[in-house]
Structures are given as C-alpha cells and as structure tokens.
Amino acid sequence: MAKLRVLFVCVGNAFRSQMAEAFARALGSDLLEAESAGLAPAPALPAVIEEIMAGYGIDVSGQYPKGLEEVDPAGFDLIVNISGYPLPLDTAVPVREWEVPDPVGRDRAFHEEVARRIEERVRQLVDELRRQGS
C-alpha cells in the first residue's frame, strides 16, 4: 500500500511545521511520508527546536527551512496548515487547519508546550489514518 504524503505548513518552517514533520516521521513512518514548508522560510532551524526534539529522542539536525515552491504542494495527499494564515495555494489537495500558537520570540517553556500540542495533534492524525487503513 502506498504511503499517504502529508505536508505540514507554518510561517517560517522553523518551529511548528518542523516539529510536526519530525513527530509524523517518528510516529507514523509506516503509513505516511511527512514533509514541511513555510510561507516565508526562516534562514535556519533554531537550536531550541533541535534540543526539544532530542528530548523526545528525535533527531532533526538534517531538517532545514524551505518554502512551498521547494516541495510542490499539489503532490501531497493532505496538507496540514499550522500557519494561522490562508495558504496561497490553488490545489485540490485537502487542507486541515490546526490552531497552534507561534512560539517565535517566546521562552523555552512555551516552545515545549507547543511541542506537546503538536505531538498530540500528530498522534491523533496518525491514529485516524491507522483506523482508516484497517
């Protein structure tokens, strides 16, 4: 069976969508392929994200911020928008909206709370996909 291709999108592709991609790969790699992109990609992945994800046993050192033009959104089966903004896309791909606050400029505890929320949402998505597949 082909894996479902899921694209997670936030603003800078440095925090929320990167964490969602990493959690999806860790929790659902048997049934989905995850990627992420940003509306206005940041220059680099912040160290705090690598540190927080390492606490979950997930290595994100190979991930980097990229824009939508680098991933071809139309090639995905599902897009999860975590940006809080309408996506500038003209595609038939289903889009789910997740409300997750942007941690940019916030303290580490806030970043950790955002990571917990994203992990929970990704777990719910993976569980839903597993139920659909069985």
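A: The answer goes through rings, then charges, then the serine.

This is a predicted model, so local features need pLDDT of at least 70, side-chain atom pairs count only at pLDDT 80 or more, and totals for chains, interfaces and linings use all residues. Residues are numbered from 1 along each chain as its sequence is written, and side-chain values use heavy atoms, with hydrogens and water left out.

Start with the rings. The whole structure holds 2 aromatic pairs. Rings of Phe, Tyr and Trp (its six-membered ring) pair if their centres lie within 6.5 Å; planes under 30 degrees apart are stacked, over 60 edge-to-face, and the rest tilted. Phe-8 and Trp-98 make a tilted pair, with 5.9 Å centre to centre and 50 degrees between the planes. This pair links distant parts of the chain, 90 residues apart. Phe-8 is in strand 1 (residues 4-10), and Trp-98 is in the loop between strand 4 (95-97) and helix 3 (108-133). Helices (H or I, at least four residues) and strands (E, at least two) are DSSP runs, numbered from the N terminus. Phe-8 is buried, at a relative accessible area of 0%. Trp-98 is buried too, at 6%. Buried means under 20% relative accessible area, exposed over 50%, and partly exposed in between (1.4 Å probe, protein chains only).

Phe-23 and Tyr-56 also pair. Their ring centres are 4.9 Å apart and their planes stand at 90 degrees, so this pair is edge-to-face. Phe-23 belongs to helix 1 (residues 16-28) and Tyr-56 to the loop between helix 2 (47-55) and strand 3 (78-81), so the pair ties together parts 33 residues apart in sequence. Phe-23 is buried, with a relative accessible area of 1%. Tyr-56 is partly exposed, at 32%.

Charges meet rings as well. A charge sits over a ring if NZ of Lys or CZ of Arg is within 6 Å of the ring centre and within 35 degrees of the ring normal. The charged end of Arg-106 sits over the ring of Phe-110, 3.7 Å from its centre. Arg-5 lies over the face of Phe-76, 4.2 Å from the ring centre.

Arg-5 leads on to the salt bridges. A salt bridge puts a side-chain nitrogen of Lys or Arg within 4 Å of a carboxyl oxygen of Asp or Glu. The whole structure has 11 of them. Arg-5 bridges to Glu-35 at 2.8 Å, N to O. Arg-5 is in strand 1 and Glu-35 in strand 2 (residues 32-38), so the bridge ties together parts 30 residues apart in sequence. Arg-5 is partly exposed, at 24%. Glu-35 is partly exposed, at 24%. Salt bridges link Arg-5, Glu-33 and Glu-35 in a network.

Helix 3 comes next. Asp-30 bridges to Arg-130, with the closest N and O atoms 2.6 Å apart. Asp-30 is in the loop between helix 1 and strand 2 and Arg-130 is in helix 3, 100 residues apart. Arg-130 is partly exposed, at 34%. Glu-112 bridges to Arg-108 at 2.8 Å between the closest N and O atoms. These two are 4 residues apart in helix 3, about one helical turn.

Last, the serine. Ser-83 is in the loop between strand 3 and strand 4. Ser-83 is buried, at 4%. Its side chain joins that of Asn-81 in a polar contact of 2.7 Å. Such a contact is a pair of N or O atoms within 3.5 Å; within protein, one must be able to donate a hydrogen and the other to accept it, and residues adjacent in sequence count only if both atoms are side-chain atoms. Leaving aside neighbours within four places in sequence, Ser-83 is in contact (heavy atoms within 4.5 Å) with Val-9, Cys-10, Val-11, Arg-16 and Leu-39.
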